[in-house]
Each structure stands twice: as C-alpha cells, then as structure tokens.
Amino acid sequence: RSANCASPSTSDTRLVTITIGGNDIGFIPVILACSTPGTTKDCLKAVVASQTAMVLRLPSALKQVYSAIKRAAPNARIVAVGYPRLFSGTDCSPETDYTRAEQLAMNIATDVLNASIAATAAKSGIGFVNPTKTFNGHAWCDQNAWINGTAFTAPLQLNAGSMHPNDAGQTGYATLVAKGLKNRPLRTR
C-alpha cells in the first residue's frame with residue numbers, strides 16, 4: 001500500500017512518494033511577483049530570495065519531514081519527487097506577463113530546488129525522481145501542456161490549482177515514479 005497526505009503511514013506501508021518544498025521556499029510570492037507586467041526587477045529579486053531559502057532553510061526542513069516519514073513508515077521505500085520546469089518561454093494568458101527572462105529565472109530556480117531536494121534525499125537515505133525531462137514539451141503554454149496556468153481568485157491571490165500538474169501531468173508523474181520503481185523494486189519483507 002502507498003501512503004499520501006490523506007492516508008497515515010504505518011509499518012505496513014510499503015511506498016511513500018512525496019513532493020515537498022515549493023511552498024517552503026516562497027513559490028507563491030515568486031509566481032505573483034513575476035506575473036505582473038513591468039515587474040521583472042521584483043520578480044528576479046523574489047527568485048533570488050527563493051533560491052537563498054532553497055540553500056539555507058529547505059534542507060533542514062526536508063530532513064525533518066523525511067525523518068518523520070521514516071518513523072511513521074519504517075518498512076516503506078520513500079521517494080522524493082522533484083518539480084517540473086513550468087515555462088517554455090511563452091506567456092499565453094491575458095492575465096499575466098511572464099517575460100522570457102522571468103521564465104528562465106524561474107526554471108533555473110526549479111533546477112536549484114530539485115538539486116537541493118535530491119541532495120537532501122540522498123543524505124537522508126531516500127530515493128529521488130527528477131521530472132524535468134519527462135515534462136519537456138509539456139510546460140504551461142505548450143500545445144500539450146501538463147501544467148495548469150495561473151488563475152487568480154482575487155487580485156494577488158492564486159487559485160489553488162495554479163501552476164500545478166493537470167491530469168496529464170499527474171499521469172506523467174505516475175509513469176515516471178513507476179519507471180523508477182521498476183528500475184529499483186520495492187523492498188520485500
């Protein structure tokens with residue numbers, strides 16, 4: 001059985017997959033700072049602050065989460081799943097103004113985030129799966145996008161599903177994780 005946020009981990013749990021870290025490093029403030037026309041300077045400042053958090057604060061927070069999962073599910077294989085790059089250089093929404101420079105900066109920040117997660121996962125003795133290649137050609141605004149666009153519920157408030165994988169993206173994640181598990185099967189008792 002697999003555990004997720006909705007089902008508690010136990011000693012019977014055999015697999016836990018977790019994607020965590022984006023909100024901890026200021027994902028929402030970055031998206032908001034970068035979405036407004038004429039705010040490239042503010043966007044890049046938010047991206048730098050986010051990258052600083054990835055390096056200075058995120059690893060210790062991840063270690064705590066990974067340790068808690070290990071305690072709650074001692075017989076489980078734990079796999080940290082990284083984040084896809086969200087942008088391909090095109091902004092297709094009349095509600096936003098993500099410049100090419102802003103999109104590039106946010107994609108680079110995603111690579112830094114994935115590197116931080118991967119390094120912390122390795123030090124914690126858990127697996128890591130990087131979705132970057134799997135999501136190539138499926139960024140927001142791509143013809144076959146696997147990412148929901150930015151949707152605002154009010155000025156400066158994001159809809160909960162904004163910039164998260166859509167159904168096709170979730171399938172892409174599942175396929176990637178399954179492939180990783182096939183290469184390194186679950187432990188058996």
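What follows is a working chat about the disulfides, strands, core and ring pairs of a predicted model.

Q: What kind of model is this, and what pLDDT do local features need?
A: The model is predicted; local features need pLDDT of at least 70, side-chain atom pairs count only at pLDDT 80 or more, and totals for chains, interfaces and linings use all residues. Residues are numbered from 1 along each chain as its sequence is written, and side-chain values use heavy atoms, with hydrogens and water left out.

Q: How many disulfides are there?
A: Two, where a disulfide is a pair of cysteine sulfur atoms within 2.5 Å. With the bonded cysteines numbered in sequence order, the pairing reads 1-2, 3-4.

Q: Which cysteine does Cys34 bond to?
A: Cys43, with an S to S distance of 1.9 Å. Cys34 and Cys43 are both buried, buried being under 20% relative accessible area, exposed over 50% and partly exposed in between (1.4 Å probe, protein chains only).

Q: Why is that disulfide of Cys34 and Cys43 called right-handed?
A: Because the torsion about its S-S bond is about 80 degrees.

Q: And which cysteine is joined to Cys92?
A: Cys141, at 2.1 Å from S to S. This link of Cys92 and Cys141 is left-handed, with -85 degrees about the S-S bond. The pair connects distant parts of the chain, 49 residues apart: Cys92 is in the loop between β3 (77–81) and α4 (100–123), and Cys141 is in the loop between β4 (127–129) and β5 (152–154). Helices (H or I, at least four residues) and strands (E, at least two) are DSSP runs, numbered from the N terminus.

Q: What is the relative accessibility of Cys92?
A: 47%, so Cys92 counts as partly exposed.

Q: What about the phi of Cys141?
A: Cys141 is not a glycine, yet its phi is positive, about 80 degrees. Most residues other than glycine have a negative phi.

Q: Switching to β3: how many of its residues are buried?
A: Five of its five. On one side these are Arg77, Val79 and Val81, and on the other Ile78 and Ala80, so both faces are covered.

Q: Which strands pair with β3?
A: Strand β2 (residues 15–18) runs parallel to β3 and is joined to it by four bridges. β4 also pairs with β3 in the parallel sense, over three bridges. Two strands pair if DSSP finds at least two bridges between them.

Q: Which residues face each other?
A: Ile18 has Ala80 in β3 as its bridge partner, and Val79 stands opposite Gly127 in β4.

Q: What is the hand of the β-α-β unit made by β3, α4 and β4?
A: Right-handed: with the strands pointing away from the viewer, the path from the first strand over the helix to the second runs clockwise.

Q: How many residues does the largest nonpolar core have?
A: 47, a nonpolar core being a set of buried Ala, Val, Leu, Ile, Met, Phe, Trp, Tyr and Cys residues joined through side-chain atoms within 4.5 Å. The residues with the most contacts inside it are Ile31, Val47, Tyr66, Phe87, Tyr98, Met106 and Met163. Elements that each supply at least two residues of this core include β2, β3, α4 and α5 (167–183).

Q: What is Met106 in contact with?
A: Apart from neighbours within four places in sequence, Met106 is in contact with Val30, Ile31, Cys34, Val47, Phe87 and Tyr98. Contact means heavy atoms within 4.5 Å.

Q: How many aromatic pairs are there in the whole structure?
A: Five. Rings of Phe, Tyr and Trp (its six-membered ring) pair if their centres lie within 6.5 Å; planes under 30 degrees apart count as stacked, over 60 as edge-to-face and the rest as tilted. The pair of Phe135 and Trp146 is edge-to-face, because the ring centres are 5.2 Å apart and the planes are at 85 degrees.

Q: Are Phe135 and Trp146 buried or exposed?
A: Phe135 counts as buried at 2% relative accessibility, and Trp146 counts as buried at 14%.

Q: Which residues do ring pairs link into a cluster?
A: Phe87, Tyr98 and Trp140.

Q: Last one: what does Gly172 contact?
A: Thr134 and Trp146, leaving aside neighbours within four places in sequence. Gly172 is in helix α5 and is buried, with a relative accessible area of 6%.
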